[in-house]
Amino acid sequence: RFNRPNDLTFDLFGNLYFTDPNSYDKNILDGRIFLVDAKTKEVILLEDSLAFPNGINISPIDHKLYVCESVFNRVLRYETKDYRIVNKEVFAIIPGGDPDGMEFDIKGNLYVSHFGGKAVYIFSPDGKLLQKIETPGTKPTNVEFGDEDYKTLYLTEVETNSLYKIRTKYPGQQ
């Protein structure tokens, strides 16, 4: 039985990964990550004891799984191996609000919406903060690229109850 399925992503093999948060409390670690096997349709529990896992995505560069753990204001990174996730590490800390939805560009830079923080943060593949994009409202929830050149970023924002389109430039690109 699931708590509150939240976000999802697919790997190169068609397997579905999704987050299942529950309590929003630093002292109640009842959030989980699941995998649905593309071939067998089996639902596999990969991780439990998380503090409100939220956004989830897989890097196109290193194929690692990235998960926002909102209560602790951080993005976690895992290696995937044989229907397990291993080598959990903190990829980035985002103070003053909750990391929510996230998306990668084709260079492997990670765009993280910062619910309550009025921003989208861009991190390099090695976790370095490259840029902060201020958003129109304080509660951006999700981001997604919407074109083939990965330069048009769409953003949902709940304070203004709007969908925004932002033309981006890869950090460092001429």
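# Briefing: salt bridges, sheet and aromatic pairs

At 31% relative accessibility, E89 counts as partly exposed. The model is predicted. E89 forms a salt bridge with R77, and the notes below start from there.

**Salt bridges**

- The count of salt bridges comes to five.
- E89 and R77 form one of them, with their closest N and O atoms 2.8 Å apart. This pair links distant parts of the chain: E89 is in strand β8 and R77 is in strand β7, 12 residues apart.
- R77 has a relative accessibility of 12%, so R77 counts as buried. E89, at 31%, lies between the cut-offs of 20% and 50% and is therefore partly exposed.
- Salt bridges with shared partners join D62, R77 and E89 into one network.
- R32 forms a salt bridge with D20, and here the closest N and O atoms are 2.6 Å apart. R32 lies in strand β3 and D20 in strand β2, so the pair ties together parts that are 12 residues apart in sequence.
- Both partners fall under the 20% cut-off for buried residues. R32 is at 16% relative accessibility. D20 is at 0%.
- K88 and E47 also meet through their side chains in a salt bridge, at 4.0 Å from N to O. K88 is in strand β8 and E47 is in strand β4 (residues 43-50), so this pair links distant parts of the chain, 41 residues apart.
- K88 is partly exposed, with a relative accessible area of 42%. E47 is at 18% relative accessibility and counts as buried.

**The open sheet**

- Four strands make up an open sheet in the order β5-β6-β7-β8, and their pairing is antiparallel.
- β5 and β8 (84-93) are the edge strands, and each of them pairs on one side only.
- From one strand to the next, the twist averages 25°.
- Strands of a sheet pair through backbone hydrogen bonds, in either a parallel or an antiparallel sense.
- β6 pairs with strand β7 (residues 74-81) in the antiparallel sense, over five bridges. L65 has Y78 of β7 as its bridge partner.

**S59 in the β5-β6 loop**

- S59 sits in the loop between β5 (53-58) and β6 (65-69).
- The relative accessibility of S59 is 3%, so S59 counts as buried.
- The side chain of S59 reaches the backbone nitrogen of I61 at 3.0 Å.
- A polar contact of 3.2 Å joins the side chains of S59 and D62. D62 is also a member of the salt-bridge network with R77 and E89.
- Setting aside neighbours within four places in sequence, S59 is in contact with K64, Y66 and F104.
- Y66 and F104 belong to one aromatic cluster, together with F91, Y121 and F123.

**Aromatic pairs**

- A pair of aromatic rings is described by the distance of the centres and the angle of the planes.
- The whole structure holds nine aromatic pairs.
- F2 and F18 form one of these: the ring centres are 5.2 Å apart and the planes stand at 85°, so the pair is edge-to-face. F2 is in the segment before β1 (8-10) and F18 is in strand β2 (residues 16-20), and the pair links these distant parts of the chain, 16 residues apart.
- F2 is at 40% relative accessibility and counts as partly exposed. F18 is at 9% and counts as buried.
- F2 also pairs with F34: the geometry is edge-to-face, with 5.1 Å centre to centre and 80° between the planes. F2 lies in the segment before β1 and F34 in strand β3 (residues 31-36), so the pair ties together parts that are 32 residues apart in sequence.
- F34 has 7% relative accessibility, so F34 counts as buried.

Definitions and conventions:
Residues are numbered from 1 along each chain as its sequence is written. This is a predicted model: local features need pLDDT of at least 70, side-chain atom pairs count only at pLDDT 80 or more; totals for chains, interfaces and linings use all residues. Side-chain values use heavy atoms; hydrogens and water are left out. Helices (H or I, at least four residues) and strands (E, at least two) are DSSP runs, numbered from the N terminus. Buried means under 20% relative accessible area, exposed over 50%, partly exposed in between (1.4 Å probe, protein chains only). A polar contact is a pair of N or O atoms within 3.5 Å; within protein, one must be able to donate a hydrogen and the other to accept it, and residues adjacent in sequence count only if both atoms are side-chain atoms. Contact means heavy atoms within 4.5 Å. Rings of Phe, Tyr and Trp (its six-membered ring) pair if their centres lie within 6.5 Å; planes under 30 degrees apart count as stacked, over 60 as edge-to-face and the rest as tilted. Two strands pair if DSSP finds at least two bridges between them. Axes are lines fitted to C-alpha atoms, for helices over the stretch in contact, and angles run from 0 to 180 degrees between N-to-C directions.
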